[in-house]
Amino acid sequence: MAALFICLLAACSRAPEVYRQESYVFGTRVELTLYAADQAAAAHAAAAVLAELDRLHRQLHAWAPDSEVAAANRALASGQPFRPSPELAELLYQGQRLEVQSDGLFSPAIGALVAAWGFHADSYAARLPPADGLAALLAARPRLADIRWQGGQILAHKPALQLDFGGMAKGWALDRARRQLLKAGISSALLNIGGNIMVLGRKPDGSPWRVGIRHPRRAAAMLSLTLNDGEALGTSGDYQRYFELDGRRYCHLIDPRDGNADCRVQSVSVLARPGSDAGLVSDVASKPLYFAGPQQAANLARRFALAGWLLVDAQGAVWVTPALRQRLQWQQPPDSLYVTGAP
């Protein structure tokens, strides 16, 4: 009996060990790093998170014909009502709120514009959209505000309105994954969905998690920074999905105001404060700051109550907030650095 007690005590006091799992979801690489004393429990929790992410990816895929989003777009284009699932309804409600909060610089209603530029495909050609088609879409001004709710169904009399949640789904899924891990008893973890990163707790030795931000023009980290429990980091860059034509770069970040795919800045990273929607905020907020540019980024950052932001402009100069600068370690320091704005 004494030996059994000693064995049980030893099992209870085992030091947490790292468990890593990767997958490919939402068109990007997903990395989970968990610490747990029970490796089997960690593997089970990671598998459950990845399975749920894969389910959401298939449900929310913008151009897969059998996805719920594709079905909703067909209904919206024909003027027919559509009853969204609870997940899609939540994204629509949140998207409408965030569209207003960003003054329309973020909008999940511009799927037709993204498709016109050729980015609704796993591989895309280096071509410009027909000017008349682009002008017609811009004249229609699709916005989520055009969607009406009737008895749990959505309806819009605007064929140009096509849903694409690529600018928010990863961050929204991060929040869900965090809750899923906490429910499974995991309290120390790092989740990375294609550069959208959230952490739980600290490492077992008490140190904070440290993550990297990629250099937008080199295949290496530009810098690293620490993340605290519940914080989320999101990055939007012109290097993720893009093509070059006649010496110019065009990327998947489409400005809702003018339909432009010009790469006006190289990248924007934002740090969201802990909260139930930190992942969502970190994903969405990087887009308005990207389109606004360094001079107007601080005003938009305040709207999203960000803990900090960093912008690499078209010339490669870095603009960073004072609080965030204190947390950075540079691997490739920029030639020009501007400390600006608040937070």
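Mentor: Let us begin with a word that we shall need at once: a residue is called buried when its relative accessible area is under 20%, exposed when that area is over 50%, and partly exposed in between. Please keep in mind that this is a predicted model. With that definition in hand, we can say that Glu 68, Val 69, Ala 70, Ala 72, Asn 73, Ala 75 and Leu 76 are buried in helix 3, which covers residues 68–78.

Trainee: What do the buried residues of helix 3 pack against?

Mentor: They pack against helix 2 (39–60), helix 4 (86–101) and strand 4 (153–155).

Trainee: How do you know that the size of the protein agrees with a compact globule?

Mentor: The comparison rests on the radius of gyration: for 343 residues a compact globule would have a value near 20 Å, and the protein has 21 Å, so the two agree. The C-alpha trace spans about 80 × 50 × 35 Å along its principal axes, and the secondary structure comes to ten helices and 16 strands. Of the 343 residues, 52% are buried, and among the contacts with a separation of 6 or more, 59% join residues 24 or more positions apart.

Trainee: What makes a group of residues a nonpolar core?

Mentor: The residues have to be buried, belong to a set of types that includes Leu, Ile, Phe and Trp, and be joined through side-chain atoms within 4.5 Å. The largest such core has 73 residues, and those with the most contacts inside it are Leu 53, Ile 147, Leu 163, Phe 165, Leu 181, Leu 289 and Trp 309. There is also a second, separate core of 19 residues, which includes Ile 213, Leu 223, Leu 233 and Leu 328.

Trainee: Which residues is Ile 147 in contact with, leaving aside its neighbours within four places in sequence?

Mentor: With those neighbours left aside, the contacts of Ile 147 are Leu 76, Leu 92, Gln 96, Ile 154, Leu 155, Ala 156, Leu 161 and Leu 163.

Trainee: Why is Gln 94 called buried?

Mentor: Its relative accessible area is 19%, and buried means under 20%, so Gln 94 is buried. Gln 94 is found in helix 4, and, leaving aside its neighbours within four places in sequence, it is in contact with Met 168 and Leu 280.

Trainee: What makes the phi of Phe 26 worth a remark?

Mentor: Most residues other than glycine have a negative phi. Phe 26 is not a glycine, and yet its phi is positive, at about 55 degrees. Phe 26 has its place in the loop between strand 1 (17–25) and strand 2 (28–36), and because its relative accessible area of 16% is under 20%, Phe 26 is buried.

Trainee: Where does Asp 103 lie, and why is Asp 103 called exposed?

Mentor: Asp 103 lies in the loop between helix 4 and helix 5 (111–116). Its relative accessible area is 54%, and since exposed means over 50%, Asp 103 is exposed. The phi of Asp 103 is also positive, near 55 degrees, in a residue other than glycine.

Trainee: How do you know that Gly 152 is partly exposed?

Mentor: Its relative accessible area of 35% falls between 20% and 50%, so Gly 152 is partly exposed. Gly 152 sits in the loop between strand 3 (148–150) and strand 4, and, apart from neighbours within four places in sequence, its contacts are Phe 82, Arg 83 and Pro 84.

Notes: Residues are numbered from 1 along each chain as its sequence is written. This is a predicted model: local features need pLDDT of at least 70, side-chain atom pairs count only at pLDDT 80 or more; totals for chains, interfaces and linings use all residues. Side-chain values use heavy atoms; hydrogens and water are left out. Helices (H or I, at least four residues) and strands (E, at least two) are DSSP runs, numbered from the N terminus. The radius of gyration is taken over C-alpha atoms; the globule rule is 2.2 Å times the number of residues to the power 0.38. Buried means under 20% relative accessible area, exposed over 50%, partly exposed in between (1.4 Å probe, protein chains only). Contact means heavy atoms within 4.5 Å.
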